[in-house]
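Here are my notes on the model, point by point. Have it open beside you as you read.

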Amino acid sequence: MPPENLHIRIAVPADSSRLIPLINQAFAVETFMTGPRTDPERLAASLQRGAILLAEDGSGQLIASIYVEIRGNRGYAGMLAVAPARQRSGIGSRMMQAAEDHLRARGCVALDITVLSLRTELPPIYRAYGFVETGTEPFDYPHPLKDGLQTHCIVMSKPL
């Protein structure tokens with residue numbers, strides 16, 4: 001299904017039982033992580049701090065989500081998840097645009113994201129969306145990395 005047929009809305013707590021498997025499946029490529037990408041407690045905390053935009057297809061099947069948070073006059077977006085079978089179809093781009101629109105409508109003048117340094121394929125993708133590297137942050141996650149690996153977050157930003 002083309003991305004333009006998506007219904008995008010703000011998630012509610014009742015969506016959690018569908019969001020958790022979607023997010024964990026989408027992030028299964030991060031084989032350097034131990035434990036799930038999200039769980040009921042982490043997702044509930046995200047829904048309290050910010051919002052999750054979710055995308056459903058015409059049959060109501062959940063196919064993508066992205067976390068958004070307002071931080072002063074800046075927005076933050078993260079945890080972009082697209083169902084594995086629907087990846088590389090333009091849905092991720094559509095979700096980033098929805099996040100930008102959501103944050104812009106709430107007065108944000110810029111958007112920040114973070115990318116794990118171990119995900120070397122991601123910075124070029126986000127550069128194509130207009131993001132530039134603006135710094136780094138420590139990686140803070142409740143589960144350790146496998147095999148003693150280390151990573152940090154690359155902060156990328158763009159004006160809205």
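1. Strand β2 (51–56) is covered on both faces: Ala 51, Leu 53 and Ala 55 are buried on one side, and Ile 52, Leu 54 and Glu 56 on the other. Buried here means under 20% relative accessible area, with exposed over 50% and partly exposed in between, using a 1.4 Å probe and protein chains only. With six of its six residues buried, β2 is largely enclosed by the rest of the structure. Strands are DSSP E runs of at least two residues and helices are H or I runs of at least four, numbered from the N terminus.

2. Before going further, a word on the source: this is a predicted model, where local features need pLDDT of at least 70 and side-chain atom pairs count only at pLDDT 80 or more, while totals for chains, interfaces and linings use all residues. Residues are numbered from 1 along each chain as its sequence is written, and side-chain values use heavy atoms, leaving out hydrogens and water.

3. What does β2 pair with? Strand β1 (residues 7–10) runs antiparallel to β2 and is joined to it by four bridges, with Ile 8 opposite Ala 55. β2 also pairs with β3, again antiparallel, over six bridges; there Ala 51 faces Val 68. Pairing requires at least two DSSP bridges between the strands. β2 and β3 form a hairpin with five residues between them, and Gly 60 in the turn has a positive phi of about 85°.

4. Helix α1 (residues 16–26) has Ser 16, Leu 19, Ile 20, Leu 22, Ile 23 and Ala 26 as its buried residues. That spacing is worth a look on the model, because an α-helix has 3.6 residues a turn and residues three or four places apart point the same way. The buried residues of α1 pack against α2, β2, β3 and β4, contact meaning heavy atoms within 4.5 Å.

5. Next, strand β5 (residues 110–116). Six of its seven residues are buried, so β5 is largely enclosed by the rest of the structure. Strand β4 (residues 74–82) runs parallel to β5 and is joined to it by three bridges, with Tyr 76 opposite Asp 112. β4, helix α3 (residues 91–105) and β5 make up a right-handed β-α-β unit; right-handed means that, with the strands pointing away from the viewer, the path from the first strand over the helix to the second runs clockwise. Strand β7 (residues 152–159) pairs with β5 in the antiparallel sense over seven bridges, and Leu 116 has Cys 153 as its bridge partner there.

6. On the cysteines: how many disulfides are there? A search of the whole structure finds zero, the cut-off being a pair of cysteine sulfur atoms within 2.5 Å. Cys 108 is in no disulfide, and its nearest cysteine sulfur, that of Cys 153, is 20 Å away. Cys 108 is buried at 4% relative accessible area, and Cys 153 is buried at 10%.

7. Thr 151 sits in the loop between β6 (132–138) and β7, and at 15% relative accessibility Thr 151 counts as buried. Its side chain makes a polar contact with the side chain of Ser 117 (2.7 Å), and a polar atom of that Thr 151 side chain lies 3.3 Å from the backbone nitrogen of Leu 118. A polar contact is a pair of N or O atoms within 3.5 Å; within protein, one must be able to donate a hydrogen and the other to accept it, and residues adjacent in sequence count only if both atoms are side-chain atoms. Leaving aside neighbours within four places in sequence, the contacts of Thr 151 include Phe 139 and Leu 145.

8. Last, the charges. There are 13 salt bridges in the whole structure, each a side-chain nitrogen of Lys or Arg within 4 Å of a carboxyl oxygen of Asp or Glu. Lys 158 and Glu 100 meet in one of them (2.9 Å, N to O). Lys 158 lies in β7 and Glu 100 in α3, so the pair ties together parts that are 58 residues apart in sequence. Lys 158 and Glu 100 are both buried. Elsewhere, salt bridges that share partners join Arg 9, Asp 15, Arg 18 and Glu 56 into one network.
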